[in-house]
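Please look through the model shown here, from the whole chain down to a single residue.

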Amino acid sequence: MEKNKSVIFLIVWFTWAAGKCLDSIVRYSMTSDYYIFSAIDMSPVYFIFVFSIFSLNTATVFYLFRPTLVGIYVAITALIVAFIQNMVSMSLALKDLEGAKEAYAIGRVGRGLSVRDGALDMIFSQNGIITASAIMTVFYFLVAYVVVRNKSYFGYVRSV
């Protein structure tokens, strides 16, 4: 089946998301999410989330290249699980803003990236976390909309 621009967008999105998860698995100790979960002695939950999301994103990429009806459900599930993980992480970050900020800074330095204190203070504030959560929610819903809009690509046929 021919891939339109929105399907190509989905391929790029889910490939990027799978790569991001793989990076989070390999360099887990440098992620603020791992810090957030390990700070409350729940680091196994971090790995359950990340491995699940990685598997679902990878499966979605497979189904985007070999479309079948199950692909749309895998893609939506990938988005839902990633959304839940992000909301849990952000909720926990709100309880320990200083610790999350420090873990984020350590992760950036470990990857050779710059750290600006003013930006960190803005991001790791209650308003910053809530704004990021709102933006993330809108973006996840937009990607889900694109998935559902392309349901015929996955072989969905409405029966009467």
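In which helix is the place of Leu69? Leu69 belongs to helix α4, which covers residues 69–95. Helices here are DSSP runs of H or I with at least four residues, strands are runs of E with at least two, and both are numbered from the N terminus.

This is a predicted model, in which local features need pLDDT of at least 70 and side-chain atom pairs count only at pLDDT 80 or more, while totals for chains, interfaces and linings use all residues. Residues are numbered from 1 along each chain as its sequence is written, and side-chain values use heavy atoms, with hydrogens and water left out.

The protein chain has seven helices and zero strands. Its C-alpha trace spans about 55 × 30 × 30 Å along the principal axes. Of the 160 residues, 39% are buried (under 20% relative accessible area; exposed is over 50%, partly exposed in between, with a 1.4 Å probe and protein chains only).

Contact means heavy atoms within 4.5 Å. Among contacts between residues at least 6 apart in sequence, 75% join residues at least 24 apart.

Leu69 gives a local example. Leaving aside neighbours within four places in sequence, Leu69 is in contact with Phe154, Gly155 and Tyr156. Lys151 is 82 residues from Leu69 in sequence, yet the two lie 8.0 Å apart in space, C-alpha to C-alpha. Is Leu69 buried or partly exposed? Leu69 counts as partly exposed because its relative accessible area is 37%.
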